[in-house]
Amino acid sequence: MNYLTVENISKSYGEHTLFKDISFSVHKDQKIAFVAKNGTGKTSILNILSGDDEADSGNVIYRKGITVSFLSQDPKFDNNLTVEETIFASDNPILKIINNYEKALLNPDDIEVYQQAFDAMDQHQAWDFETLYKQILFKLKLDDLTQKVSTLSGGQKKRLSLANALINKPDLLILDEPTNHLDLEMIEWLESFFAKENITLFMVTHDRYFLERVCNEIIELDEGQLYNYKGNYSYYLEKREARIELEATETNKAKQLFKKELTWMRRQPKARTTKSKSRINDFADIKHKAHQRRNDHEVQLELNMERLGSKILEFHKVSKSFKDKTILDGFDYTFQKGERAGIIGKNGTGKTTFLNILTQTAQPDSGKVIKGDTVKYGYYTQSGITIKPEQKVIDVIREFGDYIPLKKGRQISAQQLLERFLFSRKKQYDFVEKLSGGERKRLYLCTVLIQNPNFLILDEPTNDLDIVTLNVLESFLLDFPGCIIVVSHDRYFMDKVVDHLFVFRGEGVIENFPGNYTDYRVYEDSQPVISNTSEEKKEKNAWKKNDTNKLSYNEEKELKNIESKLNSLAFDKKELENKFNNPDLSQDEINKLSEELQKIIDTIEAKEERWFELSSKQEN
């Protein structure tokens, strides 16, 4: 069944043509990834599909009656709404039924309204849907449903937009970099979610493991042409290489034919016969094929890196906290030459703060960070490049000099350097504000590397970079002789670049794991689940307790009753908390209220633990 047809769409900005006469289709149950280099129009195509932009020509046709959801890089919300209100503001009729039921729980005295809301939940099988949407919000760390959208970070807004898209269970889901702003645990959950849900997907993503495990088809836009690959990322790599080799062979044949035809044309043949006329007309096509060149440059930089001394970087009992949140707690570590460390951990565990302390842009509460005299940092931050009005690409590089020193006394010009970072001579004279998000990240990365650092610190370097650039960056880093620290949610990238991990567990706990990310996941999955008082272990154990794959009838009934009871308990808790506002309360009354409140809190915690246990069993 065809869900979407794109017919001969084109898009240009002034004299610059992004793409021309692009056509493809999306059918039911397909999970398609759209792959292209930065700056070739991926986001523009998604904007055209969503209606945020218009093609210069061509048509976009959706099948009548299907529901479509979009996940953009910059979601738009009403800042006055809460997280829960934003969820319920969708057009999904089941969510409106759940919303009515939630409101009815707040007015238990109105038995008739409550019964109607309860019956509607049964009639439309909304109980399972309510469980699903709560699971999604829980997994995406959107726990505070009362939080205003205006107070959310950019990453939280992206996760809220993703939650909205998943909860609506559309027929077709269109995603722009869905794994950006997700931690590794969220990404792995999202992979498993897409694997079991019958959702048709069309997405742009640079996450190669995600491509491998989720997608069953890849569409590549390369040199203005579309190519379809009916398989996952591994299949795509194999077939793409074969296609490029075949194209190279055909180009060589065309060059030989061109030489022959050029000799004939120089004799100034007269187009008197039909055969001669046809041969003259074909000459232009032969010339075009013979002069075709792929724009595949490789970054090959033998930077004149300053030698690292014996002392590189040392942490001595370093501690750092923000109010009641501990980031580091007596952290000790000494970096060695050639060390390649990855940093992983949930959002909010202090990874970026650690990097800021390391580079001494933030100060620890106690302890010392000692940097060696020969160490020269290259710090790639998430903030990216600062755009100056009417600044051209070449000018950004020339701020660091017209020439960059290489080994053995050689040097290259700023223009040559940019070419090696996939910026053509023409592109170098574009204004920086005209670059795509991925091109700006590539330019920023270039400005970090050309300063000849011997200690690279990369904070989420893979966000918005295309797969071609990622492969180039990985090759460069594998040959880089200095120290490297990487914070990234790109598991493929981490596996290739790092040789050990700092695992941020939260509450100041940092573990040093000897291996890459895949090694770490194998190790973690092999460990038995043990009881632990920390919130992280509680949460992890609660979702792993059950081995069976299906809830019994009584368990399903219990799950629904728990959800209803939790809403009622939340209401009781709020009522009790409001009573504490009475200034005339005696000490005995305060003690009594405190005991009642503690009982409710204990009951809520017990009910939530059982809810997680049953939900996990249902999910499996």
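A residue is termed buried when its relative accessible area is under 20%, exposed when it is over 50%, and partly exposed in between, as judged with a 1.4 Å probe and protein chains only. The structure is a predicted model, in which local features need pLDDT of at least 70 and side-chain atom pairs count only at pLDDT 80 or more, while totals for chains, interfaces and linings use all residues. Residues are numbered from 1 along each chain as its sequence is written, and side-chain values use heavy atoms, with hydrogens and water left out.

The protein has 620 residues, of which 47% are buried. It contains 20 helices and 20 strands; these are DSSP runs numbered from the N terminus, with helices (H or I) of at least four residues and strands (E) of at least two. A contact requires heavy atoms within 4.5 Å. Of the contacts between residues at least 6 apart in sequence, 68% join residues at least 24 apart.

Most residues other than glycine have a negative phi. K323, although not a glycine, has a positive phi of about 55°. K323 sits in the loop between strand 10 (313–322) and strand 11 (325–335), and its relative accessible area of 88% means that K323 is exposed. N8 is likewise not a glycine and has a positive phi of about 50°, but N8 is placed in strand 1 (residues 2–13). With 43% relative accessibility, N8 counts as partly exposed.

The packing of two helices comes next. Such a pair is described by the angle between the axes and the distance between them. Helix 3 (residues 93–105) and helix 5 (residues 126–139) have axes that come within 10 Å and cross at roughly 90°; the axes are lines fitted to C-alpha atoms over the stretch in contact, with angles from 0 to 180 degrees between N-to-C directions. Helix 3 is therefore roughly perpendicular to helix 5, a term covering angles of 65 to 115 degrees. Helix 3 contributes I94, L95, I97, I98, Y101 and E102 to the contact, and helix 5 contributes A126, W127, F129, E130, Y133 and K134.

Finally, Q451 lies in the loop between helix 14 (437–449) and strand 17 (455–459). Its 35% relative accessibility makes Q451 partly exposed. Beyond its neighbours within four places in sequence, Q451 contacts K376 and F400. The C-alpha atoms of Q451 and I404 are 8.4 Å apart, although the two residues are 47 apart in sequence.

Key. Parallel < 35°, antiparallel > 145°, perpendicular 65-115°, else oblique.
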